[in-house]
Amino acid sequence: MRVDRHWSEKRLEEMTERDWRIFREDFNISCKGSKIPRPMRSWAESKLTSELLKAVERVGYKKPSPIQMAAIPLGLQQWDVIGIAETGSGKTCAFVLPMLTYISRLPPMSEENEAEGPYAVVMAPTREFAQQIEDETVKFAPYLGIKVVSIVGGQSVEEQGFRIRQGCEVVIATPGRLLDCLERRYAVLNQCNYVVLDEADKMIDMGFEPQVVGVLDAMPSSNLKPENEDEELDAKKIYRTTYMFSATMPPAVERLARKYLRNPVVVTIGTAGKATDLISQHVIMTKESEKSSRLHRLLDELGDKTAIVFVNTKKNADMVAKNLDKNGYRVTTLHGGKSQEQREISLEGFRTKRYNDLVATDVAGRGIDIPDVAHVINYDMPGNIEMYTHRIGRTGRAGKTGVATTFLTLGDTDVFYDLMQMLIQSNSSVPPELAKHEASKFKPGTIPDRPPRRNDTVFAH
């Protein structure tokens, strides 16, 4: 027998420690934690029920993505998981399948228990995102007879509460609206033992920490696993399983994780917070007054391909879109000032190529999956590097390449340092004006106190 066969040629029982290490390296998977179950190499090796495997096949998912390979086996064994992965990496399916497996082992919802609330809750930062998770969940849930209800703003809270009380196993919600439902006694979470916090960093960024905590505290605290991992678990008891997904781990997210997750396994796919290698990043130093003509040039070069143009405010979104429309570009907008219906019409028009260009604020910065976006243009540089990463992640998805161009002005010095580090890490070219600028040499707040020297380089227009 040849000893040097690649892991892909081996049966599961032939895999050595070295094979597993190479497997993880091949898929950029890193896991921190003790006694962790192995990742799965294929759906056939996933230990999912035959019903779910059939559903996976019907949906057309041929191979699991790296986050699914690592996180599904953990979820099936009811570990608490912190998943650090880019948007668009298939993470929704990575928590949906273990969650549905867990629910399918519980007593069906009936008149006796439906008033006690759902078995599982998934929280996401925006309506669009919650809707996407719902779409993914209902691809699988009906095969198991599992009912899903979504609770987001823009619809009647009484009606949503009524739908929960009629009995459903899964609630997918935005934190503010779910807490509202709980506080008004339209819903309870007395038997909820499976929780997913998706895009946790984004929820914190948007100021939802108190609402997230309020929802978690509305669940029975008796279902938390003991903090000491050597303590015996009570076989008769159902413990809470918590999944938390985030593209980055700011301190507030770590604080939540420490309080509510028990001995979690941290799964990182790729480099946390790093833009995908499939995106080529370009940064152009410019003046505010030159942005409009530069944008026209970029869009002209794209021809029929699609582009998302990001700006920082609703007002600017409308202004940029109006200017493009006037100049004959097929353009639509997406921002928080639009109703849910208007947003959906804009997105649908962009998806079906009725519009080539979408001008958006950060409401579209993540969670909206539009295939084949050729170019992301940061008309305004966002105020932090995390948002920059999320924005440019709208292109270069699912194995395709993409381009991101950013207009940078002297008003953006707060992010010069982080942006320069990111460009260096991803082997992208750094404009000389950015490289030479004082603000790119030190993280904001860490510049040493000293008088400027004569040969300091400061550039001005």
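Biologist: Are helix 3 and helix 4 roughly parallel or roughly antiparallel to each other?

Modeller: In this predicted model, helix 3 (residues 66-76) and helix 4 pack with their axes 9 Å apart and at an angle of about 20 degrees. Angles under 35 degrees count as roughly parallel. Helix 3 and helix 4 are therefore roughly parallel.

Biologist: Which residues of helix 3 make the contact with helix 4, and how many of the residues in this contact are charged?

Modeller: Helix 3 contributes Ile 67, Gln 68, Ala 71, Ile 72, Gly 75 and Leu 76. They meet Lys 91, Cys 93, Ala 94, Leu 97, Pro 98 and Thr 101 of helix 4. By class, the residues of this contact comprise eight nonpolar, three polar and, as to charged residues, one.

Biologist: What is the handedness of the crossing of helix 3 and helix 4?

Modeller: The crossing of helix 3 and helix 4 is right-handed.  Helix 4 also passes helix 5 (residues 127-137), and that crossing, too, is described as right-handed.

Biologist: Which residues of helix 5 are in the contact with helix 4?

Modeller: On the side of helix 4, the contact is made by Lys 91, Thr 92, Cys 93, Phe 95, Val 96, Met 99 and Leu 100. The classes in this contact are seven nonpolar, two polar and two charged residues. The partners from helix 5 are Phe 129, Ile 133, Glu 136 and Thr 137.

Biologist: How is helix 14 oriented relative to helix 15?

Modeller: Helix 14 (residues 385-392) packs against helix 15 at an angle of about 45 degrees, with the axes 9 Å apart. Ile 385, Tyr 388 and Thr 389 of helix 14 contact Asp 418, Leu 419, Met 422 and Leu 423 of helix 15. These residues divide into five nonpolar, one polar and one charged. At the stated angle, helix 14 is, relative to helix 15, oblique.

Biologist: Is Thr 409 buried or exposed?

Modeller: Thr 409 lies in the loop between strand 14 (402-408) and helix 15 (416-425). Beyond residues up to four places away in sequence, Thr 409 touches Met 285, Thr 286, Lys 287, Glu 288, Lys 291 and Phe 416. Because its relative accessible area of 9% is under the 20% cut-off, Thr 409 counts as buried.

Biologist: What percentage of the residues of the protein chain count as buried?

Modeller: The protein chain contains 16 helices and 14 strands. Of its 461 residues, the share that counts as buried is 52%.

How values were computed
Residues numbered from 1 in each chain as written. Predicted model: local features only at pLDDT ≥ 70, side-chain atom pairs only at ≥ 80, totals over all residues. Heavy atoms only, no water. Helix = DSSP H or I, 4+ residues; strand = E, 2+ residues; numbered from the N terminus. Buried < 20%, exposed > 50% of the residue type's maximum accessible area, 1.4 Å probe, protein only. Contact = heavy atoms within 4.5 Å. Axes fitted to C-alpha atoms, helices over the stretch in contact; angles between N-to-C directions. Parallel < 35°, antiparallel > 145°, perpendicular 65-115°, else oblique. Left-handed = near helix turned anticlockwise from the far one by under 90°. Nonpolar A, V, L, I, M, F, W, Y, C, P; charged D, E, K, R; others polar.
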